[in-house]
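User: I'd like to learn how to read the sheets and domains in this one. Can you walk me through it?
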Amino acid sequence: MDNFVEGLSEVTCDVLVIGGGTAGPMAALKAKQKNPALNVVLLEKANVKRSGSICMGMDGLNNAVVPGYATPEQYTKEITIANAGIVDQAPVFKYASRCYDIIQELDRFGIRFQKNANGDFDLKKVHHLGTYVLPMPNGDTVKKALYRQIKRERILVSNRFMATRLVTAKDGKIAGAIAVNTRTAEFLVLRAKTVILCMGAAGRLGLPHSGYLFGTYENPTNSGDGYAMAYHAGAALANLECYQINPLIKDYNGPACAYVAGPFGAYTANSEGKRFIESDYWSGQMMQEFYNELQSGKGPVFLKLNHLHADTVGEIEEILHKVERPSRGRFHQARGTDYREKMIEMHISEIGFCSGHSASGVFVDEFARTTVPGLYAAGDMASVPHNYMLGAFTNGAVAGEHAAEVALEIDLPDFDSEFVKAERKRVLAPTRREDGIPPNQLEYKTRRLINDYLQPPKVTARMQIGQARLAEIRDDLETALVAGDAHELMRSLEVSSILDCADMAAHASLFRMESRWGLYHNRVDYPKKDDDNWFCHTLLRKVDGRLVSEKRPIQPYIVPIENEERTAYDRLRVSNQA
Amino acid sequence: MTVCAFPIKPDEEAMPLAFSPTTVPVVVDEAKCIADKGCTVCVEVCPLDVLRISDLTGKAYMKFDECWYCMPCEKDCPTGAVTVNIPYLLR
């Protein structure tokens, strides 16, 4: 294993889904169910059985819109406000209208959700305004249940193949993708009528404080390959300056889990044990308050449970230490930390792109269509804001159904064999060198520079220095990167995605000359929100080989927002008691 | 523990590589591991693809220190041979 093997095979399909984590399996499933005659291929860099950010499961839905608790209008309003107004409401509203069906379907798959004594879904309030959090008592079964469905529908799964570039036809339509085997470096050319990108967040962008390259909040397989591929195919990417930054347990990559622990009475506190934010729901505004407290004399910040009854803490531990991040208990145990006794130190995560938690993603409309005809995106990498796991499932379903319909109507687009040849040459370049810089060093340096120059608070001159330093690394990547085996080749390709994302992060951040979304885009030299000039999306794309950003108007709201409501998320700090 | 370097080229352009030792988080109990009987479960389920079967011992081991300590390898191992520790830098 890992030795280089020369090889090139070709596969033809109707719908190609890239990424077998959360959105991908659902997209493949729905495409196949829409039309069982279609040839649907699910391509995955790891193994669909245990891939993606939910490889071990998930402890709850963060954004369930369930009748009796919330309406699609209410949810659309909440997300519009939480995302500082920069929202095309159509895809959010569509998600909100459709997600209850998906919850019921997942329930039928065997992924049970918490129900009350009457047998109704038992939701909890965590958000600032509405009630959307639904616990998943057997959330560790998610991947298994999905995998069963994939097998039942006879989806063709191709594991351990990493997509490197999308291929477009002469008329600009999507024509397929090129992939390389992560254990042999053999090539696979996938010709397709439609392609759905479900490749997760760009979670390996910033370097975690621990310095451990793979200790990221997101599954580190989510190295931004989807963002890079969409960019190189000419698709527009939206609001990349709206980074993902999350509150985490210090040194451990698990979320502080206010969603889980909050409804039991736990909360985020300062070193005095006092609450300083009204709502633990993750928004840029909340992260700014978190950051302020962290840097203040009352810092650092803690997760506080030690005021709760020992049995309650036990119940919380049962969820936090067993489902989404089961090594969490082990982390605390090794340090002798007990939630019952003292508060748990928290910190903020490295930066990344992710629409699942914030709003940085490949631009999509309410049918999950990108700006490249025939190319779709869903899940953390698509631009529907605050989308989370249920958004990945729901929008994956939307993408799968629409792509299946389109695939029926069109012929297989033409495919440029010269492009395939050039791409093989590019991919294999690090294997042709006898020595040079290995991917781990190149990655460490790239990500260290991302921390030094691109993470907020953002300063213009600092980001410009960052751009220049990253350009030096790009030279190294193109002339000196060396991969000794197929595994290192995969890592080399991931570094290339990381570097592309870093360039995009800097470019997008410099373009938006205001501050918005709290900490996510806190631009120190433009400290104010400027609605007159920047109440718009920013779209970034590749034009003539270069990064180009432009403004895009926000589509008229479907659900109106009152002036008083607009600023609700700006008032998250607990007001001083008289 | 030895640190070996390769390949050493005499010319000025050479950028020789070193192997730096690192303590790995995933530990396999070789007495329990049945990889020599053909089991490859832990290797197959690892999202980061960092486990391999040793040619020398026929048992599974962590080849690359690139761990998300996510635990499918431990959870899915049919004989309970795999233990995931927290990487030292985080501990």
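Analyst: Helices (H or I, at least four residues) and strands (E, at least two) are DSSP runs, numbered from the N terminus. In strand 17 of chain A, for instance, A:Leu547 is the bridge partner of A:Lys542. A bit of housekeeping: this is a predicted model, where local features need pLDDT of at least 70, side-chain atom pairs count only at pLDDT 80 or more, and totals for chains, interfaces and linings use all residues. Residues are numbered from 1 along each chain as its sequence is written, while chains are lettered from A and ligands numbered from 1 in the order in which they are written.

User: How many bridges join strand 16 of chain A to strand 17 of chain A?

Analyst: Seven, and strand 16 runs antiparallel to strand 17 (residues 546-552) of chain A. The hairpin they make has two residues between the strands, and A:Asp544 there takes a positive phi near 50°. Strand 16 of chain A also pairs with strand 9 (residues 237-238) of chain A, antiparallel over two bridges; A:Leu539 stands opposite A:Ala238.

User: Is strand 16 of chain A mostly covered or uncovered?

Analyst: A residue is buried if 20 or more other C-beta atoms, placed from the backbone, lie within 10 Å of its own. Five of the seven residues of strand 16 (residues 537-543) of chain A are buried, so by that definition the strand is mostly covered.

User: What is the order of the open sheet of four strands in chain A?

Analyst: The order is 10-13-12-11, with antiparallel pairing. Strand 10 (247-249) and strand 11 (267-270) of chain A each have a single partner strand, so one side of each lacks a neighbour in the sheet. From one strand to the next, the twist averages 45°. Strand 11 of chain A is joined to strand 12 (residues 301-304) of chain A by four bridges, and A:Thr268 has A:Leu303 as its bridge partner.

User: Which domains does the assignment give for chain A?

Analyst: Domain bounds come from an automatic or database domain assignment. Here it gives domain 1 (8-59 + 89-107 + 137-244 + 353-409), domain 2 (247-348) and domain 3 (417-535). The centres of domain 1 and domain 3 of chain A, taken over C-alpha atoms, are 22 Å apart.

User: How many residues of domain 1 of chain A are in contact with domain 3 of chain A?

Analyst: Contact means that the C-beta atoms of two residues, placed from the backbone, lie within 7 Å. By that rule, 32 residues of domain 1 of chain A are in contact with 33 residues of domain 3 of chain A.

How values were computed:
Pairing = 2+ DSSP bridges. Axes fitted to C-alpha atoms, helices over the stretch in contact; angles between N-to-C directions. Buried ≥ 20, exposed ≤ 12 C-beta atoms within 10 Å, placed from the backbone.
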